[in-house]
Amino acid sequence: MMGPPGVGKGTQADLLGDYFQPCHLSTGDVFRAATYQSGPEHLSASMTAALDYMKRGMLAPDETVIDMIRERARCLACQHGFLLDGFPRSVAQAKALDAMLEGLCLRLDAVINYTLPTAQVVERLSGRRTCRGCKATFHVQGKPPKVENVCDHCEGELYQREDDYPEAIHTRLEEYKRSTAPLEAFYAGNGVLVTVSAEGAPEDIFQRTVDAVLSS
Ligand code: AMP
């Protein structure tokens, strides 16, 4: 899955996960789990550096992320396939993924490319609140929790991701344009790009996605 930050990839990954039952791998979630689960003394130098990039809204170095996927390559060979969320984000990462898939005699069925006007991306990101426990997302205006700062599902604490602060949002959108948008041409050339509008309600976007993937 690709698309600018805030486009709703995480929400769609959950819905698509229920439907297709793939192994779901989100590189952003792996980074965030490293931040909260291990103290700084347990992190490798490359992970510490990657988390610093993340806080500033910048992309982590390709080698760190590619190693992360390589360590989890068994997910790619899962019986019901895999759903990569937030990877690849650069042409170098896409080429590394191609090589890994070739080694496993697998191929990509579809690359889902979500699109949304920039003003809506900024609006979604700046109001987003995330649960520390189950990672569910809310929006201060569009989808507020029943109790302020408390997750409706697991009663976990809601927080604003550091990379959802205004200055980091700007950087993330620039990074997307610079590094990730060129992947559209890369995957269109491979014939696997499926572009889906991310406007509207999550259930509508999900239906659009399923229809587009199944007819691709
Ligand atoms: P996400 O939750 O997918 O928006 O990812 C959050 C942050 O993790 C990104 O802004 C990057 O700093 C880092 N990150 C996640 N996936 C990648 C990737 N494939 N390449 C580089 N950085 C990544």
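In which helix is the place of threonine 209?

Author: Threonine 209 has its place in helix H9, residues 202-214. This is a predicted model, in which local features need pLDDT of at least 70, side-chain atom pairs count only at pLDDT 80 or more, and totals for chains, interfaces and linings use all residues. Residues are numbered from 1 along each chain as its sequence is written, and side-chain values use heavy atoms, with hydrogens and water left out. Helices (H or I, at least four residues) and strands (E, at least two) are DSSP runs, numbered from the N terminus.

Threonine 209 is buried, with a relative accessible area of 0%. Buried means under 20% relative accessible area, exposed means over 50%, and partly exposed lies in between (1.4 Å probe, protein chains only). Leaving aside residues up to four places away in sequence, threonine 209 touches Gln12, Leu16, Ile112, Tyr114 and Val196. Contact here means heavy atoms within 4.5 Å.

Strand S3 covers residues 111-115. Four of its five residues are buried, so S3 is largely enclosed by the rest of the structure. S3 pairs in the parallel sense with strand S7 (residues 193-197), over five bridges. Two strands pair if DSSP finds at least two bridges between them. Valine 111 stands opposite leucine 193 in S7.

Next come the helix pairs. Two packed helices are described by the angle between their axes and the distance between the axes. Helix H6 (residues 118-126) packs with helix H7 (residues 166-180) at an angle of about 135 degrees, their axes 11 Å apart. That makes H6 oblique to H7. Axes are lines fitted to C-alpha atoms, for helices over the stretch in contact, and angles run from 0 to 180 degrees between N-to-C directions. Angles under 35 degrees count as roughly parallel, over 145 as roughly antiparallel, 65 to 115 as roughly perpendicular and the rest as oblique. H6 contributes Thr118, Val121, Val122, Leu125 and Ser126 to the contact, and H7 contributes Ile169, Arg172 and Leu173. By class, the contact of H6 with H7 has five nonpolar, two polar and one charged residues. Ala, Val, Leu, Ile, Met, Phe, Trp, Tyr, Cys and Pro count as nonpolar, Asp, Glu, Lys and Arg as charged, and the others, Gly among them, as polar.

Helix H5 (residues 91-103) and helix H8 (residues 182-190) pack at about 35 degrees, with their axes 9 Å apart. Among the residues making this contact are Leu97 of H5 and Phe186 of H8. The contact of H5 with H8 has seven nonpolar, one polar and two charged residues.

H6 also lies across strands S4 and S5, running at about 45 degrees to S4. An open sheet of three strands has the order S5-S4-S6, with antiparallel pairing. S5 (137-139) and S6 (158-159) stand at its edges with a single partner strand each, so one side of each is left without a neighbour in the sheet. S4 (residues 128-131) pairs with S6 over two bridges, and cysteine 131 stands opposite leucine 158 in S6.

Some backbone details lie in loops. Most residues other than glycine have a negative phi, and most peptide bonds are trans. Lysine 135, in the loop between S4 and S5, has a positive phi of about 70 degrees. Asparagine 149, in the loop between S5 and S6, has a positive phi of about 65 degrees and is partly exposed at 42% relative accessibility. The peptide bond from phenylalanine 87 to proline 88 is cis, with omega near -5 degrees.
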